[in-house]
Amino acid sequence: MKKILILTYYWPPSGGPGVQRWLKFTSYLPGLGYEPLIVAPAPDKANYPILDLSLVAEIHPDVRVFQTNTLEPYALYRMATRRKQTPYSGFASETQRKGLSGAISRFIRGNLFVPDARVGWNRFAVATARKLIQKYSIDTLITTSPPHSTQLAGLQLKKEFPHIQWIADLRDPWTDIFYYRKMLHLPFVKIQDKKLERKVLDYADIVVTVSHFVKGLFAEKTDNPEKIHVITNGYDEKDFADIKVSHQDKYFTLAYIGTISEEYDLGGFLTAMRKLIDQQGNNIQVEFTGTICLSWLVELEKNLEKVFFSKGHTSHAKALEIMQQADLLLLIIPSIEQNRGIVTGKIFEYMAAGKPILAIGPVNGDAAQILQKTQTGQMFDYNDVEGILDFICKIKQNKGFYHPDIDVVRQYSRLKLTENLSKLFLP
């Protein structure tokens, strides 16, 4: 099989949505004639905010993983900010911290870690990748981010091996990410970061991203926008094969799986749910699985009272089980700048679960278009109380209201998406 070299910071046992994308691609590439060689930090050296040990068993037997050392200043960071937990690659949570400590944290993130604090992995990743390129005559290199510092490793390798095809997979915006302006960058640091972003976009042979909106952001920063391709996240049919679903007929269950931070707007949803409870009683359960910020947790408990149940972070397999046991799945897009381009990986697994989707967010965004195209749900504005309430009532009273277009849904299967990816490789 033709060997493909992939540099990814997040790899099992790391958990979270960033892991799923390339874990799934690499599980289908061998069947298409490609052998993935993975370069990732050793688990005992990496700083993973979330662990999901169940994902280790999903690594395809034909995938070889080369683990490296990494050098990251998180001990210093935690000492300076008095935090025990490792932050996410984007440090998005740091924008919520108030007062002097929050400002210090953002200043450290914005000026000492450029483009991010995992840049210390690069020298180890490049050293290992260099040996593999030479040993196996690799001609296709893939770097996936965040952390966007991984793209700088790809940039260095492209300069050392100009013949190689370099595919830069950017799952999130870089200098256009919603919290970027809150990081208190010094002017020269901001200029430096934008130059690094531009270099990656210019030097990469192919750029891949997850939505058309994000593609547009990157297209404005390169003279060759035609090399930017959209390959969304998706769902894996195999993940749902062995799930045993047990229904509770006594209650209509609405489920949300994922994180709820302060950037999420649940106001309209809570008002609609209060009206529904007042009209129809408490024959409904609202289950949130994942991390909920304190402010929204208080509001959920106050407004939904006895019908609300909160669960913590769970394994990916358990999350899929919860999806299939629900009657209605809730999807919420953060209420932030440029949220029209947010297409979470969760939306595709929601579609695969075969349950209607109540989505709240930008009605003209990429996620809304996918729901409309697949006929798997509907997107409502954050304040559209009546629309949200009417949709829930229709689903609750008439299960025949849900008519997904299965053929379109299958276009988002991991196998189909991997086939699309492989068409970008050198012959």
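Contact here means heavy atoms within 4.5 Å. Axes are lines fitted to C-alpha atoms, for helices over the stretch in contact, and angles run from 0 to 180 degrees between N-to-C directions. Helices (H or I, at least four residues) and strands (E, at least two) are DSSP runs, numbered from the N terminus.

This is a predicted model, where local features need pLDDT of at least 70 and side-chain atom pairs count only at pLDDT 80 or more, while totals for chains, interfaces and linings use all residues. Residues are numbered from 1 along each chain as its sequence is written, and side-chain values use heavy atoms, with hydrogens and water left out.

**Exercise 1.** Find which strands helix H9 lies across.

Solution. Start at residues 294-304, which form H9. This helix lies across E9 (284-289) and E10, and runs at about 150° to E10.

**Exercise 2.** Work out the strand order of the open sheet and its edges.

Solution. Two strands pair if DSSP finds at least two bridges between them. Step one: the order is E10-E9-E8-E11-E12-E13, with parallel pairing. Step two: E10 (308-311) and E13 (377-380) each have a single partner strand, so one side of each lacks a neighbour in the sheet.

**Exercise 3.** Describe how strand E11 is joined to strand E12.

Solution. Locate E11 at residues 328-332 and E12 at residues 357-360; 4 bridges join these parallel strands. Then look for leucine 329, which stands opposite isoleucine 357 in E12.
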